[in-house]
Amino acid sequence: MDVSKIKGNINVNAPVHSVRIRVGRSFEGFGLSPGITKQQRLELEELLKDALESLDGKLAGNYYPLQGMDEAVQKQLVNDHFLFVSGDPNLKAAGMERDWPEGRGIFHNDDKTFLVWVNEEDQTRIISMEMGGDVRKVFTRLAQGIAAVQKSVKESSGKDFLFDSKYGFIHSCPTNLGTGMRASVHIDLPGWTAEGLDRLKRRCEKLKLQARGTRGESGGQNRYHL
């Protein structure tokens with residue numbers, strides 16, 4: 001990904017609380033989540049664990065498997081809003097939660113600004129995020145993280161990202177075909193509180209954005225996830 005194509009940034013006066021950008025990535029030689037075998041899932045987890053724990057610099061951190069997770073670690077991941085859980089009816093219907101929680105886990109760097117979910121909906125969800133509105137910085141970290149994960153896995157196993165010249169990067173859900181990217185912000189839009197979420201969603205559609213719910217805040221404002 002070419003960071004130089006990111007022009008400008010969010011206005012520093014905009015009431016943006018945080019930025020999050022994620023992509024999904026799958027690897028050659030392993031089934032996608034609806035059809036991956038138990039053995040493949042375990043092999044992929046081990047491959048990714050070694051790759052992730054070899055990252056250095058600002059990307060360096062630790063991998064936490066869901067199976068046998070220490071209670072204190074689990075509590076901290078919940079408090080950080082990092083932990084993914086079972087129970088999504090769509091994932092269950094698609095067979096993506098077979099053998100739960102075996103073969104799944106979470107990696108995050110020491111600064112808690114770079115995360116990788118292993119064997120959730122996709123083989124990997126690679127995430128960059130931080131407080132504030134510096135989209136360029138978050139995107140730069142994401143690009144560096146994707147490249148580092150790709151390089152480490154390829155060097156150790158010879159396997160690369162699953163990519164099609166027509167459809168782009170391949171994911172479990174067809175809506176993610178292509179870049180597999182979603183960028184979002186948490187932002188206070190107090191003027192839309194009285195208007196309601198439905199009207200905000202219609203406005204966002206015209207701007208080619210999505211409003212993905214609200215969270216009540218003190219002072220009568222609502223924080224929106226766009």
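Predicted model: local features only at pLDDT ≥ 70, side-chain atom pairs only at ≥ 80, totals over all residues.
The axis of a helix is a line fitted to its C-alpha atoms, taken for packed helices over the stretch in contact, and the angle between two axes is counted from 0 to 180 degrees between their N-to-C directions.

Two packed helices are described by the angle between their axes and the distance between the axes. Here helix H1, covering residues 38-52, packs against helix H4, covering residues 135-157, at an angle of about 120 degrees, and their axes lie 9 Å apart. Angles of 65 to 115 degrees count as roughly perpendicular and those over 145 as roughly antiparallel, so H1 is described as oblique to H4. The crossing in which H1 passes H4 is right-handed. On the H1 side the contact is made by Leu47, Leu48, Ala51 and Leu52, while H4 contributes Val149, Ser152, Val153, Ser156 and Ser157. Sorted by class, this contact of H1 with H4 has six nonpolar and three polar residues, and no charged residues.

Rolling a probe the size of a water molecule over the atoms shows where empty space is left. The largest pocket holds about 1400 Å³ of space, and its lining is made up of 43 residues, with Arg20, His81, Trp117, His186 and His225 lying nearest its centre. Several elements each supply at least two residues of this lining, including strand E1 (16-25), helix H3 (89-93), strand E4 (114-118), strand E8 (181-188) and strand E10 (222-225). By class, the lining of the largest pocket has 15 nonpolar, 13 polar and 15 charged residues.

His81 lies in the loop between helix H2 (71-79) and H3, and its phi is near 60 degrees, which is a positive value in a residue other than glycine.

The second largest pocket has a volume of about 270 Å³. Among the residues that line this second pocket are Ile10, Val19, Val135, Lys208, Leu209 and Leu226. E8 provides the largest share of its lining, namely four residues, and E8 is also one of the strands that supply at least two residues to the lining of the largest pocket. The lining of the second largest pocket has seven nonpolar, two polar and three charged residues.

How many cavities of 30 Å³ or more does the structure hold? There is one cavity of that kind, and the volume of the largest cavity is about 50 Å³. The residues lining the largest cavity include Gly31, Leu32, Arg41, Met96, Arg104 and Glu120, and by class the lining has three nonpolar, three polar and three charged residues.

The peptide bond that runs from Trp100 to Pro101 is cis, with omega near 0 degrees.

Notes: Residues numbered from 1 in each chain as written. Heavy atoms only, no water. 1 Å grid on protein atoms, 1.4 Å probe; cavity = no way out; pocket = protein on both sides within 12 Å on 5 of 7 lines; lining within 4 Å. Points joined across faces, edges and corners; volume = space filled by probe spheres on them. Nonpolar A, V, L, I, M, F, W, Y, C, P; charged D, E, K, R; others polar. Parallel < 35°, antiparallel > 145°, perpendicular 65-115°, else oblique. Left-handed = near helix turned anticlockwise from the far one by under 90°. Contact = heavy atoms within 4.5 Å.
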